[in-house]
Amino acid sequence: MGWPTSVRENVLVKAGRHCCLCHKFCGLKIELHHIKLKSQGGEETEENCIPLCFDCHADVQSCLNKRLVPYEIQ
(Lines give C-alpha, C1' and ligand atoms only; values in the text may rest on other atoms or scores of the structure.)
Protein backbone atom coordinates (compact mmCIF):
# COMPACT_ATOMS: atom_id res chain seq x y z
CA MET A 1 0.00 0.00 0.00
CA GLY A 2 1.22 3.53 -0.76
CA TRP A 3 1.03 6.75 1.19
CA PRO A 4 -2.46 7.97 2.11
CA THR A 5 -3.61 10.58 -0.41
CA SER A 6 -3.96 13.31 2.23
CA VAL A 7 -0.41 12.73 3.52
CA ARG A 8 1.02 12.67 -0.02
CA GLU A 9 -0.77 15.87 -1.03
CA ASN A 10 0.08 17.77 2.16
CA VAL A 11 3.76 16.83 2.09
CA LEU A 12 4.18 17.72 -1.59
CA VAL A 13 2.37 21.06 -1.18
CA LYS A 14 4.41 22.00 1.91
CA ALA A 15 7.65 21.20 0.08
CA GLY A 16 6.50 22.94 -3.11
CA ARG A 17 7.48 19.76 -4.97
CA HIS A 18 11.13 20.41 -4.07
CA CYS A 19 13.52 17.74 -2.82
CA CYS A 20 14.10 18.29 0.89
CA LEU A 21 17.78 17.36 0.62
CA CYS A 22 19.10 19.09 -2.51
CA HIS A 23 16.18 21.57 -2.78
CA LYS A 24 15.83 20.96 -6.53
CA PHE A 25 12.36 21.50 -8.02
CA CYS A 26 11.13 18.08 -9.13
CA GLY A 27 7.62 18.57 -10.48
CA LEU A 28 6.26 15.06 -10.98
CA LYS A 29 9.69 13.43 -10.65
CA ILE A 30 9.59 13.14 -6.88
CA GLU A 31 9.24 10.28 -4.42
CA LEU A 32 8.17 10.07 -0.80
CA HIS A 33 10.51 8.38 1.65
CA HIS A 34 9.85 7.03 5.14
CA ILE A 35 12.17 8.73 7.64
CA LYS A 36 11.69 5.79 10.00
CA LEU A 37 11.27 2.77 7.76
CA LYS A 38 8.05 0.77 7.86
CA SER A 39 10.12 -2.33 8.66
CA GLN A 40 11.28 -0.52 11.81
CA GLY A 41 7.76 0.48 12.85
CA GLY A 42 7.58 3.74 10.90
CA GLU A 43 4.09 4.99 10.11
CA GLU A 44 2.66 6.60 7.00
CA THR A 45 2.27 10.05 8.53
CA GLU A 46 3.38 13.55 7.50
CA GLU A 47 5.91 13.56 10.33
CA ASN A 48 7.53 10.40 8.96
CA CYS A 49 7.55 11.48 5.31
CA ILE A 50 10.17 13.36 3.30
CA PRO A 51 9.91 14.20 -0.41
CA LEU A 52 13.09 13.39 -2.36
CA CYS A 53 14.22 13.64 -5.97
CA PHE A 54 15.16 10.35 -7.63
CA ASP A 55 18.90 10.95 -7.12
CA CYS A 56 18.63 11.82 -3.41
CA HIS A 57 16.23 8.94 -2.81
CA ALA A 58 18.74 6.52 -4.35
CA ASP A 59 21.52 8.03 -2.21
CA VAL A 60 19.45 7.74 0.98
CA GLN A 61 18.54 4.14 0.16
CA SER A 62 22.20 3.20 -0.34
CA CYS A 63 23.24 5.07 2.83
CA LEU A 64 20.69 3.19 4.93
CA ASN A 65 23.00 0.20 4.73
CA LYS A 66 25.68 2.40 6.33
CA ARG A 67 23.55 3.31 9.34
CA LEU A 68 22.20 6.70 8.26
CA VAL A 69 20.15 7.94 11.20
CA PRO A 70 16.67 9.42 10.67
CA TYR A 71 17.48 12.96 11.87
CA GLU A 72 20.11 13.24 9.12
CA ILE A 73 17.39 13.19 6.45
CA GLN A 74 14.77 15.35 8.14
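**Notes on salt bridges and backbone angles**

1. The count comes to 2 salt bridges, a salt bridge being a side-chain nitrogen of Lys or Arg within 4 Å of a carboxyl oxygen of Asp or Glu. Please keep in mind that this is a predicted model, where local features need pLDDT of at least 70, side-chain atom pairs count only at pLDDT 80 or more, and totals for chains, interfaces and linings use all residues. Residues are numbered from 1 along each chain as its sequence is written, and side-chain values use heavy atoms, leaving out hydrogens and water.

2. Lys 14 pairs with Glu 46 in a salt bridge, with 2.7 Å between the closest N and O atoms. Lys 14 belongs to helix H1 (residues 5–15) and Glu 46 to the loop between strand S1 (30–34) and strand S2 (49–53), so the pair ties together parts 32 residues apart in sequence. Helices (H or I, at least four residues) and strands (E, at least two) are DSSP runs, numbered from the N terminus.

3. How exposed are these partners? Lys 14 is exposed, at 68% relative accessible area, while Glu 46 is partly exposed at 25%. Here buried means under 20% relative accessible area, exposed over 50%, and partly exposed in between (1.4 Å probe, protein chains only).

4. Lys 38 and Glu 44 also form a salt bridge, their closest N and O atoms being 3.3 Å apart. Lys 38 is partly exposed at 44%, whereas Glu 44 counts as buried at 19%.

5. Do look at the loop between H1 and S1, which holds Arg 17 and His 23. Phi is positive at Arg 17, near 60 degrees, and at His 23, near 65 degrees; neither residue is a glycine. Arg 17 is partly exposed at 28% and His 23 exposed at 57%.
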